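Me: I'm new to this structure and would like to learn how to read it. Could we go through a few features together?

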Amino acid sequence: MTGVEIVLALVKIIIMIAFLLGLAPIAIWADRRQSAMLQHRPGPNRAAVYIPSIAARGLVAGPAVLFAAVAGFTALQKLSDRAAYEGTIIGIQLGIVVAWFSLLILWRVIRGSGAINGFERLIGGMDPRNIFYAGLAAHLVGLFLARSIPRDAAPVSVRVVLLALTVLLLAVGGYGASRVPDGKVAIRLAGTLHPAADALKLILKEDFVPPNGDKLLHALGPILAILPAFITFAIIPFGDKLCFGDDGDKVFGFADLGLLQRTVTDSFQCNGHVVNLQVANLNVGILYLFAMAGTGVVGAAIAGWASDNKFSLLGGLRASSQMVSYEVALGLSLVGLFVIYGSLQLGPMVEWQRQNAWGIFVQPVAFFLFLAAQNAELKRVPFDAPEGESEIVAGYFVEYSGMKWGMFMAGEYVELLVSSALLATLFFGGYTLPFLFRDGITVAFGDTTVFQYKMTHLSVSILQVLVFFGKTIVISWVQIFFRWTLPRFRYDQIMKLGWTKLLPAAIGNMLVTCIIVLAIDSAPAGFHEGLAIAGQVTHGILVFGGLAAFVAIVAGLLEPVKRRQFLQSSAARFAAAAGGTKSSPQQA
Amino acid sequence: MAKAPAPNPWTKPRGEAIKLKVIPRPQRTAEVQSYVPAFLKGMSITMRHFFKNTKEMVLGQKPDPVLEGLEEGITTINYPEEKRPYPERFRGLHRLTLRQDDSPRCVACLCCSTACPAQCIHIVAAEYPEGDTRRGYERYPSSFVIDELRCIFCGFCVEACPCDAIRMDTGMHATAYDSREQFIYKRELLMSFTGRDGSRETANPRHEPGDETHPGVTREHMEH
C-alpha cells in the first residue's frame, strides 16, 4: 500500500463519517418536522440565531458571488473543445435553473412582504406554476439550442454563456441582498438549528450512572451500539471506480492524482491505477455487513443489563431476541439477489443493475421482505417494541442520559442512513442512474440508439456520487415516514411475523428465484435479448416516471389555495383591519 | 316445598340450549394479511398531509390562525410573531380621558374609588384656582393613582364614573415589571394612554361651564 492509497483511504473514511454524522441530526430534524406536518402543527422552528442584517446580506450574496466567481474564472480559462462544449450545455441549464428558482423565491418574498417596484408587482401577480412551467420549457429550448451550436464555435459560446451566468448570479445575489430587511434578522433554517441546540444541551447535561449498575458495561453499551452502524458503511460503494493515469514509474504516487483519465470506456479498461470509491472492497462483500450488523445486538443487550433496571433488562431482552430472529430472514431474503447478481460484492451488484435493471424490478418480493426484516433489525417503528413507551418507558436506554443517550439516538439514525444506503445499493441501482454509463448518456433499446451524449470521466463520477447520496437521503426520508404511519406491533406478533411469515417467504423466494434463473440460463438466445430490452424498458419507465413525478409534485406544491374567512368576533375584525394576525404594538 | 326462584334472564334456562349469536370473525383476506396495500395507503395519507402543510408553510399560504381558523391546515398562533387581537370589550389597563384642552375629564367625585372592590384607586381632590370658570362647579384630581397589581380588572370604576373620565379600552395588559412600585400608575401616565382608536379623548361630548350646551345651573342662578 503506497502513501497515496493510505491518504485516499483516510479521505474516503472522512467523507463517510462526515456524511453520516452530518446527516444524522438532519434525519432527526426530518423526523420531528414530518411529525409536526402530519399533525397540523408548526413543528421545531423556535430555535433562532439573530444576526445583524449586514451579515444576513453577506449570507445571501456570498454563495451567489462565490458561484459567479467560479463561473467567471472558468470563462476566462482556456478550455479544450470537449470541455467547452460540455461547459456550454451545463452553463445554459444552470442559468435557467437559477433564473426560475430565484423567481419563485422572489414570488414568495413578495407574498410575505409586498412588492416594492413594478417588476415585483409583475412577478407577484403571476401564478407560480407558470414560472415553473416556463422554466421547464426554457430547459428544453436551451438543450436544443446548445446542441445546435457547431462544435468549432464552442470555445466562444462557452465564454458567452459562462459570462452571462456570472452576471445573472451577481444580479440575483445583489438583488437578494438588497431585499434583506434592516435590523436584526432571525436565522431559523426551517428548524434545523433545533438538533444543533439539542446536541449542545446533551453534551452539557449530567451523565447519570445508576449506583448499582455495572459502570464499565454501562459506558460500553452506547459505543457498542453506535460502532457497527459506522463500520458497516465501509463496504458500500458511494461512487464508481476512478481511473488515474501513470506518470511512468508504475507506482501509484501523489503525482498520479492529477492524471485522472479524461474519458473511460463503458467496459472500464484502465491502464493506470484504479481507485474504488468505497472504503473497503472486501471479497466477502455483504456477508461482512451481516456480520457487523449482527454485533449491534450486543450494545442493546449490554445496555439493558448494565442499567440495573427491570425495564432496561426487558428492553434489552426484547431487542436481542428480535434482532437475532430477524437476522435469519434478513440474510435469506437477499439470497435470490445474490443468485441473480452473481456476486456478493456490492460494486458488481451495482454494475449488474446498471447493465440490466434495478433490483426492485427483478426481486420485488425480496425488497419487501428485506425492508421488513431490516426495520426489525433497526428496532424502528413498527418493530420498536424494545423501546415501547407505554410498557417499558424507553427500553434498554431508560437509564441513560446526556451524550450517552445521545449516542443511542445518533446511532439509531446513523443505522437508518446506512440501511437506506444499503437499500439504494441493493434495490435502487446504487450510484447509477438509468441510461448513465461510464462514457456518458446512452438511451438505447436493443440495438436502436435513441439518444447519445458523451461525458467526461470526472463529470460522470461526480454525478454518480451525488446520485448515491441523493438516493440515500430520499430513501431514509421515506423510511422515517414509516414511523408516522404504522402502529407498533405487539411482541408476539413480531416473533410470529419473523419466524412464520418472513422466513418461509424468504426461503420460497430463494427457491423460486433459483428455478427461474436456471430456466433462463438454459433459454434460447432470443429470450435473453428480450430480457435485455425489458430491462431497458424498466430504465425508461424510471426516467419518464421520475420526470413526470417531479413535475407533478412541483406543480402540485405551487398550486394556490383558496380560503374562506370567518369574521365572527371583534378579535377577527381587528385582525382583518391589521391585514392578518400579527404582533400588534399595543400588546405586551 | 320451596318456591321455585324467578327465572334469571342472564342464566341458561333449565333444559334449553343456549341461544348463540354468532359474531363473524373479521375478514382477514390475503390483501389485509399481506399488510402491503394498507401500508401503502397509510403512507399516501401521511405523505399527503406532509406535502400539503409543508408547501403552505414554505409558500406562506398557511391559514390565518384567527381569520381562517376553521380551515384545514396549521392554525397554531406563532406567539410572539403572531398574536390574537383582544376583543373589542377587553378590559385592559386604565386610562384617564382628556378634555379638549388636555386636562383630565375627571372631577374627583371619588365614585370610582368608592366602587372599587379592590380599593386600588387613590384620588386627592383639589379646587380649581380663583378665577377659573370651573371653580365652584367642579374639582379636579391633583393626584390620581391606580395600583395595577392590586386591580382585579372588574370594570366597576368605569361603570361608576359619571363623567366618562376613566376607561379600560387601551387594549393593553399589564406588562411584567421588576418591582412593585412600577405597577403604581400615576395621573400623568394614565393620561398618556390612548384608546384603541388612538385618541386620548372620548366620543361623548363634554359641556364646560359657560357653554351654551351646559345643562346645569349657571352662576346667575346663585342670585336666588
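Me: Which residue takes a positive phi just after helix 17 of chain A?

Reply: That's A:Gly429, with a phi of about 75°. Keep in mind that we're looking at a predicted model.

Me: What are the length and reach of helix 17 of chain A?

Reply: Helix 17 covers residues 402-427 of chain A, so to speak 26 residues in a row. From the first C-alpha to the last, helix 17 reaches 37 Å, close to the 38 Å expected at 1.5 Å a residue.

Me: How many of the residues of helix 17 of chain A are buried?

Reply: 22 of the 26 are buried, and helix 17 of chain A is mostly covered.

Me: How do I describe two packed helices?

Reply: You use the angle between their axes and the distance between the axes. Here, helix 1 (residues 3-38) of chain A packs with helix 17 of chain A at an angle of about 105°, and their axes are 9 Å apart. Angles of 65 to 115 degrees count as roughly perpendicular, so helix 1 and helix 17 of chain A are roughly perpendicular to each other. On the helix 1 side, the contact is made by A:Leu20, A:Leu23, A:Ala24, A:Ala27 and A:Ile28. Helix 17 of chain A brings A:Ala410, A:Tyr413, A:Val414, A:Leu416 and A:Leu417.

Me: On to chain B. Which residues does UniProt list for "binding site"?

Reply: The unreviewed UniProt entry lists B:Cys106, B:Cys109, B:Cys112 and B:Cys161. They are spread over 56 residues of sequence but cluster in space, with a largest C-alpha distance of 10.3 Å.

Me: Is B:Cys106 buried or exposed?

Reply: Count the other C-beta atoms within 10 Å: 20 or more means buried. B:Cys106 is buried because it has 26 of them. Look for B:Cys106 in the loop between strand 1 (95-96) and helix 3 (111-115) of chain B. Leaving aside neighbours within four places in sequence, B:Cys106 is in contact with B:Leu96, B:Tyr140, B:Pro141, B:Phe144, B:Cys163 and B:Ala165.

Me: And where is B:Cys112 found?

Reply: B:Cys112 sits in helix 3 of chain B. B:Cys112 is buried too, since 22 other C-beta atoms lie within 10 Å. Not counting residues up to four places away in sequence, B:Cys112 touches B:Ile121, B:Cys157, B:Ala160, B:Cys161 and B:Ile166. Among these, B:Cys161 is also on the UniProt list.

Me: What domains is chain B divided into?

Reply: There's domain 1 (32-85) and domain 2 (86-204). Taken over C-alpha atoms, the centres of these two domains of chain B are separated by 47 Å.

Technical notes:
Residues are numbered from 1 along each chain as its sequence is written. Chains are lettered from A and ligands numbered from 1 in the order in which they are written. This is a predicted model: local features need pLDDT of at least 70, side-chain atom pairs count only at pLDDT 80 or more; totals for chains, interfaces and linings use all residues. UniProt positions are given in the numbering used here, feature names are shortened, and annotations may be inferred rather than shown by experiment. Helices (H or I, at least four residues) and strands (E, at least two) are DSSP runs, numbered from the N terminus. A residue is buried if 20 or more other C-beta atoms lie within 10 Å of its own, exposed if 12 or fewer, and partly exposed in between; C-beta atoms are placed from the backbone. Two residues are in contact if their C-beta atoms, placed from the backbone, lie within 7 Å. Domain bounds come from an automatic or database domain assignment. The expected span of a helix is 1.5 Å times one less than its number of residues. Axes are lines fitted to C-alpha atoms, for helices over the stretch in contact, and angles run from 0 to 180 degrees between N-to-C directions. Angles under 35 degrees count as roughly parallel, over 145 as roughly antiparallel, 65 to 115 as roughly perpendicular and the rest as oblique.
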